[in-house]
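Work through the exercises below with the model open. Each task is followed by its solution.

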Amino acid sequence: MDKENKTNQTGYEIEDIGQVQIADEVIAVIAGLAATEVEGVIKMSGNITNEIVSKLGMKNLSRGVKVEIIDNLVDVSLSLILRYGVSIPKTSKEVQEKVKSAIETMTGMTVSEVDIRIAGILMEDEQN
């Protein structure tokens, strides 16, 4: 996982019809969207470059997500900002399950790991 927002593509054959290629960025977006659907997750936390890009108005849905694919197995790392007062273990487990399910359902690939890093906690009035 050298770089965030890789442009690599993972391909696989669908019977004898043809090949499907999925960019790593697409998998990262799926993971980011699934994670932010979980109650208590305020947003993804990205690096400083992503923070600047975000402030310039260019939305980056894979911010705070790293994807590594080896032999059709997907490893995902997410960096999250949670709402103050939520159960970190419960919220993290729900994120892991939702991300795994979303990626596997949408891509047909197998997710071997979903690692969570809690990068921060925000109070209700800080969530803007």
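**Exercise 1.** Which residues does Val99 touch, not counting residues up to four places away in sequence?

*Solution.* This is a predicted model: local features need pLDDT of at least 70, side-chain atom pairs count only at pLDDT 80 or more, and totals for chains, interfaces and linings use all residues. Residues are numbered from 1 along each chain as its sequence is written, and side-chain values use heavy atoms, with hydrogens and water left out. Take contact as heavy atoms within 4.5 Å. Val99 then touches Ala31, Ala34, Ala35, Val76, Leu78 and Val114.

**Exercise 2.** Which members of the largest nonpolar core touch the most other members?

*Solution.* Start with the term. A nonpolar core is a set of buried (under 20% relative accessible area, 1.4 Å probe, protein chains only) Ala, Val, Leu, Ile, Met, Phe, Trp, Tyr and Cys residues joined through side-chain atoms within 4.5 Å. The largest has 26 residues; Leu78 and Val99 touch the most other members. Next, the suppliers. Elements are DSSP runs: helices (H or I, at least four residues) and strands (E, at least two). α1 (24-36) gives the most to this core, with six residues.

**Exercise 3.** At what angle do α1 and α3 pack?

*Solution.* The angle is about 140°, and the axes of α1 and α3 lie 8 Å apart. Angles under 35 degrees count as roughly parallel, over 145 as roughly antiparallel, 65 to 115 as roughly perpendicular and the rest as oblique. α1 and α3 are therefore oblique to each other. Ile27, Ile30, Ala31, Ala34 and Ala35 of α1 make the contact with residues of α3 including Val95, Val99 and Met106.

Note on methods
Buried < 20%, exposed > 50% of the residue type's maximum accessible area, 1.4 Å probe, protein only. Axes fitted to C-alpha atoms, helices over the stretch in contact; angles between N-to-C directions.
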